[in-house]
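Thanks for asking me to look this over with you. Please open the model and keep it beside this note.

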There are 2 protein chains.
Amino acid sequence: MSRFFSTTHKNLVPYVPGEQLNDKKYIKLNTNESPYPPSDKVKKAVSEEVSRLMLYSDPDSKELVSALAKRYNLPEDCVVVTNGSDEILNFAFLAFCDSTHPAIFPDLTYGFYKVFANLYNLPYTEIPLNKDFTVSPEDYMLNNATVFLANPNAPTGIALELSEIEKIVKANPDNVVIIDEAYVDFGTESAVSLVNKYDNLLVTQTFSKSRSLAGARLGMGFASPELIKDINTLRYSTNPYNVNRMTMKAGVSAIEDDDYYMNNCKKIQLTRDYTASSLKELGFFVTDSKANFLFAESKRIKGSDLYVKLKEKGVLIRHFESDRISNFNRITIGTQEQMEIFISKVLEILEEEK
Amino acid sequence: MSRFFSTTHKNLVPYVPGEQLNDKKYIKLNTNESPYPPSDKVKKAVSEEVSRLMLYSDPDSKELVSALAKRYNLPEDCVVVTNGSDEILNFAFLAFCDSTHPAIFPDLTYGFYKVFANLYNLPYTEIPLNKDFTVSPEDYMLNNATVFLANPNAPTGIALELSEIEKIVKANPDNVVIIDEAYVDFGTESAVSLVNKYDNLLVTQTFSKSRSLAGARLGMGFASPELIKDINTLRYSTNPYNVNRMTMKAGVSAIEDDDYYMNNCKKIQLTRDYTASSLKELGFFVTDSKANFLFAESKRIKGSDLYVKLKEKGVLIRHFESDRISNFNRITIGTQEQMEIFISKVLEILEEEK
């Protein structure tokens with residue numbers, strides 16, 4: 001920290017992204033990326049756009065907003081796009097939380113919620129998950145705070161039913177409920193269908209996981225036109241050209257190639273089922289994940305040891321040090337072939353432990 | 001505004017970007033873009049990167065930071081890259097201003113400074129420019145505020161000498177001085193050479209103007225390692241993957257092709273001189289702009305009228321409504337051919353006015 005850094009931020013603990021290692025070739029199962037590349041249409045559209053890069057991007061990303069509106073059956077003024085879904089979450093904290101509107105979210109969830117709240121000195125409460133890592137919907141029905149819920153939740157992958165989400169939205173008429181659906185395309189029913197019905201609901205999604213564009217940075221929000229207007233007020237007050245030209249085109253093409261991506265999601269679900277069964281056969285406890293990752297622990301090996309030994313064997317998974325989950329690891333679902341190697345390496349490590 | 005929008009922002013007036021019109025083909029001289037396309041190396045690098053878009057970008061953009069450090073003769077820990085230079089300005093307000101560290105900047109300058117200050121409820125003072133639109137360096141030598149100075153300034157294009165910038169930096173040992181060099185490559189001496197010498201200096205630049213990448217969103221900051229660390233703390237607390245893979249590669253290639261871009265800057269300077277002389281011949285007052293735009297007024301026609309009539313004739317320029325400059329227009333320098341058309345249209349309009 002420099003001697004000039006505002007004391008407002010002196011205790012700020014930034015988000016820690018997954019490792020990006022280049023020392024050797026890893027099977028990378030640590031940041032929930034898709035193992036499948038973008039479609040040819042994306043490649044073509046991006047390549048064509050480069051010759052126009054001297055011109056600013058459209059601050060309203062109209063072409064992409066229109067494609068998303070059509071895909072999700074919403075009016076265009078219910079849609080906004082952002083530089084990754086972290087950016088729309090950032091805007092949601094700025095827009096809908098303040099000293100009289102605290103935030104609430106689970107104690108185990110996407111680590112960034114706490115970072116945003118601390119960054120802007122916003123009051124927040126972390127609601128403990130149940131012992132089995134499930135969310136109790138009733139905890140979020142008090143109509144006294146801005147609700148942030150990842151569905152499915154991270155890093156557990158456990159999802160709430162749409163009917164439960166609707167109850168939460170309904171029970172908070174005076175507060176915004178943000179449903180973070182980063183992982184929704186891997187088998188959870190989306191709350192986008194509720195956007196027309198509730199003016200207090202903001203659903204956020206991302207092209208990073210199901211649409212193979214983590215490296216392009218593209219997120220989106222779906223909400224009532226009034227909430228979208230608020231988000232746009234902040235977007236135009238921070239970075240109006242937030243989505244660059246290439247990413248905008250990549251997003252439009254990805255929507256046009258929806259079948260390819262949704263089919264990849266199905267493949268990932270099948271591989272997830274295979275990986276979960278295999279881990280269970282090896283004695284692991286595995287949560288019922290509806291995401292493109294698993295969350296698992298073994299009584300036979302410490303979570304941090306498994307993480308280190310897999311890394312030595314060329315497989316990167318994600319280990320979190322927080323107390324309650326320090327024996328767990330989060331494992332991104334790669335291709336079937338990658339996961340078979342992963343399982344064989346886990347088996348090797350467990351054998352070595354004996 | 002929705003009924004949920006935090007009252008903190010109820011008076012927030014967002015930044016207004018230049019018009020993006022698609023109703024017909026315009027000569028676009030309204031957003032200070034380069035008329036020259038990115039180089040072939042940029043096109044090739046971006047096209048190759050698309051197949052890796054399913055993977056997150058490097059949060060530290062090491063390859064680009066390293067290329068910039070080499071280009072500007074600085075250690076790598078003195079460099080940071082951002083999603084446009086608006087993002088680093090945003091971080092600078094968050095990092096170095098608070099209730100005890102107000103911001104100061106000219107009353108006529110880049111419109112976003114005021115937006116950022118208002119967004120975060122930071123105290124600020126606008127220092128009136130002199131009557132001839134120049135900055136008095138002494139106004140910024142009181143060591144009592146975080147200084148934001150665009151050099152050259154916008155929308156006037158007028159620049160301070162490096163020796164004057166150094167005096168300001170030196171006179172503010174207890175405050176950060178941010179020199180916003182968005183337009184520096186068109187004929188102003190950069191303060192990057194002072195970064196090694198002063199721990200309170202942050203120089204910001206962009207690839208949007210001189211390097212033909214407005215649509216890719218790429219900005220950068222140069223400062224002491226301690227200031228860069230503060231910026232990174234905020235970057236990792238808002239959007240760690242802020243620079244996408246394609247833009248990162250485009251930036252690296254643009255630095256490799258430096259001669260092409262710096263040669264374009266020289267062409268733009270020559271065209272600027274031609275355009276300024278031509279406008280003066282038509283009786284315009286034109287500021288001494290060192291940027292890729294001119295700032296001009298005519299006693300023969302109201303600024304807003306000239307703007308409207310040029311738009312009818314297919315030429316877009318930028319008109320600002322603020323009192324002091326309401327008779328002025330800001331005209332981006334395009335190609336020589338475009339500026340010859342611009343001048344001929346201005347002539348037509350002045351003839352019609354008679």
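The points below go from the interface to one helix and then to some backbone details.

1. A word on the ground rules. This is a predicted model, in which local features need pLDDT of at least 70 and side-chain atom pairs count only at pLDDT 80 or more, while totals for chains, interfaces and linings use all residues. Residues are numbered from 1 along each chain as its sequence is written, chains are lettered from A in the order in which they are written, and side-chain values use heavy atoms, with hydrogens and water left out.

2. Let's start where the chains meet. In chain A, 77 residues are in contact with 77 residues of chain B (contact means heavy atoms within 4.5 Å). About 6400 Å² is buried between the two chains, and carbon and sulfur atoms give 59% of that area; buried area is the accessible area (1.4 Å probe) that two parts lose on being put together, summed over both. A:Phe4, A:Met54 and A:Tyr56 supply 12% of what chain A buries against chain B, more than any other three residues.

3. Which side chains form a salt bridge with each other? B:Asp199 and A:Arg3 do, at 3.3 Å from N to O.

4. Next, have a look at helix α5 (residues 162–170) of chain B, where B:Leu162, B:Ile165, B:Glu166, B:Ile168 and B:Val169 are buried (under 20% relative accessible area, with exposed meaning over 50%; 1.4 Å probe, protein chains only). These residues share one side of α5(B) because they cover an arc of only 160 degrees around the axis, taken from the directions from the helix axis to the C-beta atoms. On the other side, B:Lys167 and B:Lys170 are exposed. Helices here are DSSP runs (H or I, at least four residues), as are strands (E, at least two), numbered from the N terminus.

5. Now for the backbone. Most residues other than glycine have a negative phi, and most peptide bonds are trans. The bond from A:Ala154 to A:Pro155 is cis, with omega near 0 degrees, and A:Pro155 sits in the loop between β5 (146–150) and α5 (162–170) of chain A.

6. Finally, compare two asparagines. B:Asn32 has a positive phi of about 55 degrees and is buried, at 0% relative accessible area. B:Asn73 has a positive phi of about 60 degrees but is exposed, at 66%.

Note on methods. A salt bridge is a side-chain nitrogen of Lys or Arg within 4 Å of a carboxyl oxygen of Asp or Glu.
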